[in-house]
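Please keep the sequence and the structure in view while reading.

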Amino acid sequence: MQNIDRRIKYILFDQKTLESKITELSDWVNSTYEKIDDDLIIVGLLKGSLPFLAQLIKTVKVDFLLDFMILSSYDGKEHSSGSVKVVLDLANDIKNKNVLIVEDIIDTGRTMQKVVNLLQSRNPKSLKVLTLLNKPSGRKVDFEPDNFGFIIKNEFVVGFGFDWKEKMRQLPYIGVLKDEEFKK
Ligand code: PRP
């Protein structure tokens with residue numbers, strides 16, 4: 001039995017469940033990109049995707065370059081602020097490259113819409129989006145990823161990269177925060 005953080009109401013996805021789903025997702029990456037003869041650039045959207053990305057790439061067998069972006073929409077609050085800011089841009093030129101964006105969650109879809117529009121304007125050869133969690137009930141703009149790990153309901157998750165006021169990202173599982181924590 002895992003030790004559960006006292007602020008967690010219940011665990012949605014434990015460590016084993018996450019690991020096995022992420023292995024499935026890296027199989028998808030391998031089969032999607034096994035035949036390409038140009039570079040693949042995997043773009044991690046920091047900070048939330050870090051644990052997912054770190055686990056995913058352990059079993060990716062195709063060659064790739066790793067790059068990062070930081071976008072911010074939540075400002076450490078419970079709900080999206082509606083505006084998305086590019087805090088850190090890519091180090092690589094993606095023109096004519098295959099780009100795979102790795103994200104932790106698509107909620108309103110605003111972050112991903114902004115990133116995809118921005119990266120498309122740089123003329124990559126291909127552009128795909130993989131997200132660990134997908135929350136279709138939160139959508140404010142029309143956006144669907146190419147693949148995802150789990151669909152979640154309209155609940156606020158923490159752990160495995162997901163934060164509450166920038167903390168709790170280190171939990172090895174994904175859980176739902178107790179209601180009283182929102183009032184603190
Ligand atoms: C969170 C999350 C996604 C985005 C999804 O990022 O990591 O990037 O919001 O929300 P959306 O679909 O409503 O745009 P956040 O700005 O909290 O940054 P973080 O990754 O550093 O936690």
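A residue is called buried when its relative accessible area is under 20%, exposed when that area is over 50%, and partly exposed in between, with a 1.4 Å probe and protein chains only as cover. The model is predicted, so local features are reported at pLDDT of at least 70 and side-chain atom pairs at pLDDT 80 or more, while totals for chains, interfaces and linings use all residues. Residues are numbered from 1 along each chain as its sequence is written, and side-chain values use heavy atoms, without hydrogens and water.

Helices (H or I, at least four residues) and strands (E, at least two) are DSSP runs, numbered from the N terminus.

From T131, the side chain reaches the backbone oxygen of E103 at 3.5 Å and the backbone oxygen of D104 at 3.4 Å.

Strands are said to pair if DSSP finds at least two bridges between them. β5 and β6 pair in the parallel sense over 8 bridges, and I106 has N134 of β6 as its bridge partner.

**The ligand site**

A residue is near a molecule if one of its heavy atoms lies within 4 Å of it. There are 18 residues around the ligand, and those that come nearest are E103, D104, D107, T108 and T111.

| Residue | Part of the residue | Distance to a ligand oxygen atom |
|---|---|---|
| D107 | polar backbone atom | 2.8 Å |
| G109 | backbone N or O atom | 2.8 Å |
| T111 | side-chain N or O atom | 2.4 Å |

Taken alone, the ligand exposes 500 Å², of which the protein buries 93%; these accessible areas come from the Shrake-Rupley method with a 1.4 Å probe, and for residues only the protein chains shown count as cover. Two or more residues of the shell around the ligand come from each of β3 (65-72), β5 (98-106) and α3 (110-120). β5 gives the most, with 4 residues.

By class, the shell has 5 nonpolar, 6 polar and 7 charged residues. In this scheme Ala, Val, Leu, Ile, Met, Phe, Trp, Tyr, Cys and Pro are nonpolar, Asp, Glu, Lys and Arg are charged, and the others, Gly among them, are polar.

Strands of a sheet pair through backbone hydrogen bonds, either parallel or antiparallel. In this model, an open sheet of 3 strands has the order β1-β9-β8 with antiparallel pairing. Its edge strands, β1 (8-13) and β8 (157-158), each pair on one side only. β1 is joined by 4 bridges to β9 (residues 174-177), and I8 has L177 of β9 as its bridge partner.

**An aromatic cluster**

Rings of Phe, Tyr and Trp (its six-membered ring) pair if their centres lie within 6.5 Å; planes under 30 degrees apart count as stacked, over 60 as edge-to-face and the rest as tilted. The count by this rule is 4 aromatic pairs. One of them is the edge-to-face pair of F156 and F182, with 5.6 Å centre to centre and 75 degrees between the planes. F156 lies in the loop between β7 (147-151) and β8 and F182 in the segment after β9, so this pair ties together parts that are 26 residues apart in sequence. F156 is buried at 15% relative accessibility, whereas F182 is partly exposed at 25% relative accessible area.

W164 and F182 form another edge-to-face pair, with 5.1 Å centre to centre and 80 degrees between the planes. W164 lies in the loop between β8 and β9, and this pair links parts that are 18 residues apart. W164 counts as buried, at 10% relative accessibility. F156, W164 and F182 form one aromatic cluster.

**Backbone details**

Most residues other than glycine have a negative phi, and most peptide bonds are trans. Here a cis peptide bond joins L46 and K47, with omega at about 5 degrees; K47 is in the loop between β2 (40-46) and α2 (50-57). N96 is not a glycine, yet has a positive phi of about 65 degrees, and lies in the loop between β4 (85-88) and β5. N123, also not a glycine, has a positive phi of about 55 degrees. N123 is in the loop between α3 and β6 and is partly exposed, with a relative accessible area of 46%.

Note on methods: Polar contact = N/O pair within 3.5 Å; in protein donor to acceptor, adjacent residues only side chain to side chain.
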